[in-house]
Amino acid sequence: MRYLFLIHEPDVPDRGPTPDIEDWVRRHDAAGSRVLGERLRPAADVRRVRVDDGRTVVTDGPFAESKEVIGGFDVVEAPDLAAALAIAAEHPGAWGGSTVEVHPFWPTDGDGSA
């Protein structure tokens with residue numbers, strides 16, 4: 001099953017050492033568990049698109065008065081949630097005051113069960 005990791009970075013100074021992201025990427029690419037991942041541009045570069053009564057509305061970011069931003073994402077393949085959580089716990093984004101939010105993908109094989 002695939003999982004989306006959203007990396008939330010706090011808007012506070014670093015709280016200590018974190019594992020090396022390049023090492024995490026290398027290990028999980030080699031294991032075949034990492035499908036895709038990228039850093040994201042700052043919140044000021046984000047746009048939201050909404051269609052309201054047939055009219056397209058584009059809103060410039062940042063959007064919320066938040067103490068954290070989504071700094072990046074990874075898509076991983078894991079046999080189950082427990083394995084995905086273990087991979088997330090190794091991610092440098094889970095250290096130093098940051099968090100990794102784990103989202104299971106909805107199956108595309110027509111089976112709505114999770």
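An open sheet of 4 strands, ordered E2-E5-E1-E6 and paired in the antiparallel sense, is present in this protein. Strand E2 (34-39) and strand E6 (99-104) lie at the edges with a single partner strand each, so one side of each has no neighbour in the sheet. Neighbouring strands of the sheet are turned against each other by 20 degrees on average, direction ignored. The model is a predicted one.

**Overall architecture**

- The protein contains 2 helices and 6 strands.
- Along the sequence, these elements follow the pattern β-α-β-β-β-β-α-β.
- Of the 114 residues in the protein, 24% are buried.
- Among contacts between residues at least 6 apart in sequence, 73% join residues at least 24 apart.

**Strand pairing and helix packing**

- Strand E1 (residues 2-10) pairs with E6 in the antiparallel sense, over 6 bridges.
- Within this pairing, Phe-5 stands opposite Val-102 in E6, and the bridge partner of Ile-7 in E6 is Val-100.
- E1 also pairs with E5 in the antiparallel sense, over 9 bridges.
- His-8 has Ile-70 as its bridge partner in E5.
- In a regular strand, side chains alternate between the two faces of the sheet.
- The pairing of E1 with E6 extends over 6 bridges, and helix H1 (residues 21-31) packs on the sheet, where it touches E1, E2 and strand E5 (68-77).
- The direction of H1 makes about 155 degrees with that of E2.

**Nonpolar core**

- The largest nonpolar core comprises 10 residues in all: Tyr-3, Phe-5, Ile-7, Trp-24, Val-76, Ala-78, Ala-84, Ile-87, Ala-88 and Val-100.
- E1 and H2 are the elements that give two or more residues to this core.
- Val-76, one of the core residues, touches Met-1, Arg-2, Tyr-3, Phe-5, Trp-24, Ser-33, Arg-34, Val-35 and Ile-87, not counting residues up to four places away in sequence.
- In soluble globular proteins, nonpolar side chains tend to be buried together.

- His-91 is placed in the loop between helix H2 (81-90) and E6.
- The relative accessibility of His-91 is 3%, which is under the 20% limit, so this residue counts as buried.
- The side chain of His-91 makes a polar contact of 2.8 Å with the side chain of Asp-74.
- Not counting residues up to four places away in sequence, His-91 touches Phe-5, Ile-7, Ile-21, Trp-24, Asp-74 and Val-100.
- Among these contacts of His-91 are Phe-5, Ile-7, Trp-24 and Val-100, residues that belong to the largest nonpolar core.

**Salt bridges**

- The protein has a count of 8 salt bridges.
- Side chains of opposite charge can pair when their charged atoms come close.
- Arg-41 forms a salt bridge with Asp-45, in which the closest N and O atoms are 2.8 Å apart.
- In this pair, Arg-41 is exposed at 63% relative accessibility, whereas Asp-45 is partly exposed with a relative accessible area of 36%.
- Arg-47 forms a salt bridge with Asp-60, and their closest N and O atoms are 3.0 Å apart.
- This pair links distant parts of the chain, with Arg-47 in strand E3 (residues 47-52) and Asp-60 in strand E4 (residues 55-60), 13 residues apart.
- Arg-47 is partly exposed at 44% relative accessibility, and Asp-60 is partly exposed at 48%.
- A salt bridge joins the side chains of Asp-52 and Arg-50, with an N to O distance of 3.7 Å.
- Asp-52 counts as partly exposed at 34% relative accessibility, and Arg-50 is likewise partly exposed, with a relative accessible area of 45%.
- Asp-23, Arg-27 and Glu-90 are linked in a network of salt bridges.

Terms used: Residues numbered from 1 in each chain as written. Predicted model: local features only at pLDDT ≥ 70, side-chain atom pairs only at ≥ 80, totals over all residues. Heavy atoms only, no water. Pairing = 2+ DSSP bridges. Axes fitted to C-alpha atoms, helices over the stretch in contact; angles between N-to-C directions. Contact = heavy atoms within 4.5 Å. Buried < 20%, exposed > 50% of the residue type's maximum accessible area, 1.4 Å probe, protein only. Polar contact = N/O pair within 3.5 Å; in protein donor to acceptor, adjacent residues only side chain to side chain. Salt bridge = Lys/Arg side-chain N within 4 Å of Asp/Glu carboxyl O. Core = buried A, V, L, I, M, F, W, Y, C linked by side-chain atoms within 4.5 Å.
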